[in-house]
Amino acid sequence: MKQIDRLAALGLFDSRVPRYTSYPTAPVFSPNIGLMSQQRQLAALDPKVPVSVYIHIPFCERLCWFCACRTQGTQSLSPVESYIGTLEAELALLADTLPKGLRMGRLHWGGGTPTILPPALIHRLARAVKDVFAQTPDWEFSVEIDPTLVDRDKIAALAAEGMNRASIGIQDFDPLVQEAIGRQQPYEATLACVEDLRAAGITSLNADLVYGLPHQTPARMADTLDKVLSLKPDRIALFGYAHVPWVAKRQKLIDETVLPDDQARFALAGQSATAFAEAGFQAIGIDHFALPDDGLAKAARSGHLRRNFQGYTEDICPALIGIGASSISRLPGGYVQNAAATPAYIKHIEAGHLAGARGHEMTQEDLMRARAIEMIMCDFALDREALTQQFGTLTAGLDADLDQVVGRFGDLVSLTDAKLEITEDGRPMTRIIASLFDAHMPADAKFSRAS
Ligand SMILES: C[S@@+](CC[C@H](N)C(=O)[O-])C[C@H]1O[C@@H](n2cnc3c(N)ncnc32)[C@H](O)[C@@H]1O
Ligand code: SF4
């Protein structure tokens, strides 16, 4: 049987499973874990251990039809400006809750489109963050950038505040594909943005691409890949298009009849991975590529790759504080998510308290399974010895799951006393294999496809 037929028979194209940027995943968070848990856990953070800080900006000037991110379109700056006021208020509430002297090792602004902020609002937000969190000496500040909604003044403002990493959205450069996803983005504008970012001192540049979009063909993909590589990014994220119109209503504008079929998607992903390997990139986890000297590639080689809400990271800060509508905090005792809808989030903060609305408190078994799933997603392997060292006899509960994986996937995995490893041929099944260790998988959840 051809490899693709075998993977298809094992459910590659039919399975709907999480991307495991957390375990448990956000759909299983409970409304019973919210503000109280958030306040207690934030107050108990160890001030000697730096944290990561994430700020969510849920606004875009345009709403691309393919996009599944939580964001709203606006042509006016007034809701954005008022939202910055709410973020300042949330930061002031955090200052009252957190232990004194807590520092940030990382700051990430994501969205939506953080570059919708004009320079004055960039400085206001950065100042509000720095008033609460002092920076560690090796502090890193990354920002998600829409190349069509940024200019030199905004880049200069972000650089003046310390931005040293950037991630730009590209998706695809072909005009027909761009038209079909409601996202016009000329190559020249993207190149100008990259030149401005490099001139401003950005040393680590990521580019987001998507395969499986309407009208993508091997020839059009080859052209996009050439153009992307000519921009000389340090990292590339290659996401499979998640078509989830029941969640992202604007995807109903996508013509499903021109989406590539299963086989074509698989071929587009393979074609891209080959082009990146030939250009000297190292494959990282299920959907990233990085130059060998980039921090992500080094972390992957040394077994220090981690997975969080932004995808793969070499960030080692154990706690992540999410600020803004829908942001999720990862705290020592579990997860807490702020109210997801922007008006609901604003209401919480205006009432004078933090916005934690849903969450999950981790048991020891959750922590063990979270680490097991993270290992699979990052290393394509589950290191039983390391898990046993960390969690002791609890790992006995994993044995039935390991047997199930071997029974279902045969020689696509190998199991020894020391570890479970996914072979090169079995790697497209990684998310499905990880899902077999998920003890919270909701029976009725509709995640995106696994391939
Ligand atoms: C917050 S956006 C990027 C920043 C900026 N707003 C832009 O558009 O350039 C994050 C990324 O998520 C990815 N993404 C969004 N919707 C997706 C979908 N339905 N399937 C796969 N990837 C998606 C895109 O690659 C996108 O660049
Ligand atoms: S891709 Fe970026 S600009 Fe487009 S809707 Fe999504 S977040 Fe907004």
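The following legends describe close-up views of a predicted model.

**View 1. Surroundings of ligand 1 in the predicted model****.** Ligand 1 is surrounded by 20 residues, and the closest of these are Phe66, Gln171, Arg183, Asp208 and Ala242. By class, the shell around ligand 1 consists of nine nonpolar, seven polar and four charged residues.

**View 2. Polar contacts and cover of ligand 1****.** A nitrogen atom of ligand 1 lies 2.9 Å from a polar backbone atom of alanine 242. The backbone of glycine 112 also takes part, with an N or O atom 3.0 Å from a nitrogen atom of ligand 1. From glutamine 251, a side-chain N or O atom is 3.3 Å from a nitrogen atom of the ligand. On its own, ligand 1 has 570 Å² of accessible area, of which the protein covers 89%. Two or more residues of the shell around ligand 1 come from each of the elements β5 (134-145), β6 (165-171), β7 (204-211) and β8 (235-240).

**View 3. Surroundings of ligand 2****.** The shell around ligand 2 includes three cysteines, Cys60, Cys64 and Cys67. Arg62, Leu63, Phe66, Gly112, Thr113, Asp146 and Arg183 are the other residues that surround ligand 2. Five residues of this shell are nonpolar, two are polar and three are charged. Phe66 and Arg183 belong to the surroundings of ligand 2 and are also among the residues closest to ligand 1.

**View 4. Packing of helix α3 with helix α4****.** The axes of α3 (residues 78-97) and α4 (residues 119-132) come within 9 Å and cross at roughly 5°. Angles under 35 degrees count as roughly parallel, so α3 is roughly parallel to α4. Helix α3 contributes Val80, Glu81, Ile84, Gly85, Leu87, Glu88, Leu91 and Ala95 to the contact. On the side of α4, the contact is made by Leu121, Arg124, Leu125, Ala128, Val129 and Val132. The contact residues divide into 10 nonpolar, one polar and three charged.

**View 5. Cis peptide bond between glycine 111 and glycine 112****.** Omega of this cis bond is near 15°. Glycine 112 is found in the loop between β4 (103-111) and α4. Glycine 112 is also the residue with a backbone N or O atom 3.0 Å from a nitrogen atom of ligand 1, and it is part of the shell around ligand 2.

View 6. Most residues other than glycine have a negative phi, and most peptide bonds are trans. Tyrosine 23 and proline 24 are joined by a cis peptide bond with omega of about -5°.

Technical notes
Residues numbered from 1 in each chain as written. Chains lettered and ligands numbered in written order. Predicted model: local features only at pLDDT ≥ 70, side-chain atom pairs only at ≥ 80, totals over all residues. Heavy atoms only, no water. Near = heavy atom within 4 Å. Polar contact = N/O pair within 3.5 Å; in protein donor to acceptor, adjacent residues only side chain to side chain. Areas by Shrake-Rupley, 256 points an atom, 1.4 Å probe, with all protein chains shown as cover. Helix = DSSP H or I, 4+ residues; strand = E, 2+ residues; numbered from the N terminus. Nonpolar A, V, L, I, M, F, W, Y, C, P; charged D, E, K, R; others polar. Axes fitted to C-alpha atoms, helices over the stretch in contact; angles between N-to-C directions. Parallel < 35°, antiparallel > 145°, perpendicular 65-115°, else oblique. Contact = heavy atoms within 4.5 Å.
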